[in-house]
Amino acid sequence: MNIIYPPLVEQMYEFMYKIDKSLTKQDVYKKAIKENFIDEQGNPTKWALEKGVIAKASTPQEIASQGDPDL
């Protein structure tokens, strides 16, 4: 089964995977919810936005148009 994760989870996973290759997207999703960064639909929480933990939620189209900054 191929699970499609919300864009914020994908972004967090890409960043965190560079630090810990043993992480899965499911790990990141669960941790982001537990830490109140996102809700169960993958949207940033009011708290995360107010505290600056998440600056802006990008759509997949916005991410693709920006390219990969690490290249």
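Student: How many helices and strands are there in the protein?
Tutor: There are 4 helices and 0 strands, where helices (H or I, at least four residues) and strands (E, at least two) are DSSP runs, numbered from the N terminus. Along the sequence the pattern reads α-α-α-α. This is a predicted model, with local features needing pLDDT of at least 70 and side-chain atom pairs counted only at pLDDT 80 or more, while totals for chains, interfaces and linings use all residues. Residues are numbered from 1 along each chain as its sequence is written, and side-chain values use heavy atoms, with hydrogens and water left out.

Student: What share of the residues counts as buried?
Tutor: Of the 71 residues, 23% do. Buried means under 20% relative accessible area, exposed over 50% and partly exposed in between (1.4 Å probe, protein chains only).

Student: Which residues make up the largest nonpolar core?
Tutor: That core has 11 residues: Y5, L8, V9, M12, Y13, L23, V28, A32, I38, A48 and I54. A nonpolar core here is a set of buried Ala, Val, Leu, Ile, Met, Phe, Trp, Tyr and Cys residues joined through side-chain atoms within 4.5 Å. Helices α1 (7–17) and α2 (25–34) each supply at least two of the core residues, and α1 gives the most, with 4.

Student: And what does I54 touch?
Tutor: Leaving out residues up to four places away in sequence, I54 touches L8, M12, F37, I38, P44, A48 and L49. Contact means heavy atoms within 4.5 Å.

Student: Switching topic: how many aromatic pairs are there?
Tutor: The structure holds 3. Rings of Phe, Tyr and Trp (its six-membered ring) pair if their centres lie within 6.5 Å; planes under 30 degrees apart count as stacked, over 60 as edge-to-face and the rest as tilted. One of the pairs is Y5 with Y29, which is tilted because the planes stand at 55 degrees, with ring centres 6.0 Å apart. Y5 lies in the segment before α1 and Y29 in helix α2, so this pair ties together parts 24 residues apart in sequence. Y5 is buried, with a relative accessible area of 15%.

Student: How are the rings of Y13 and Y17 set?
Tutor: Their centres are 5.4 Å apart and their planes at 35 degrees, so that pair is tilted. Y13 and Y17 are 4 residues apart in helix α1, so about one helical turn separates them.

Student: Are those two tyrosines buried or partly exposed?
Tutor: Y13 is buried, at 18% relative accessible area, whereas Y17 is partly exposed at 31%.

Student: What about T45, where is its place?
Tutor: T45 is in the loop between α2 and α3 (46–51). T45 is buried, with a relative accessible area of 13%. Not counting residues up to four places away in sequence, T45 touches N36, F37, I38 and D39.

Student: Last one: how much space lies in the second largest pocket, and which residues line it?
Tutor: About 230 Å³, and the lining residues include L8, Q11, M12, F15 and I54. On a 1 Å grid over the protein atoms alone, a pocket is an open set of points where a 1.4 Å probe fits, with protein on both sides within 12 Å along at least five of seven lines; lining residues have an atom within 4 Å of a point. Helix α1 gives the largest share of this lining, 5 residues.

Methods: Grid points are joined across faces, edges and corners, and a volume is the space filled by probe spheres set on the points.
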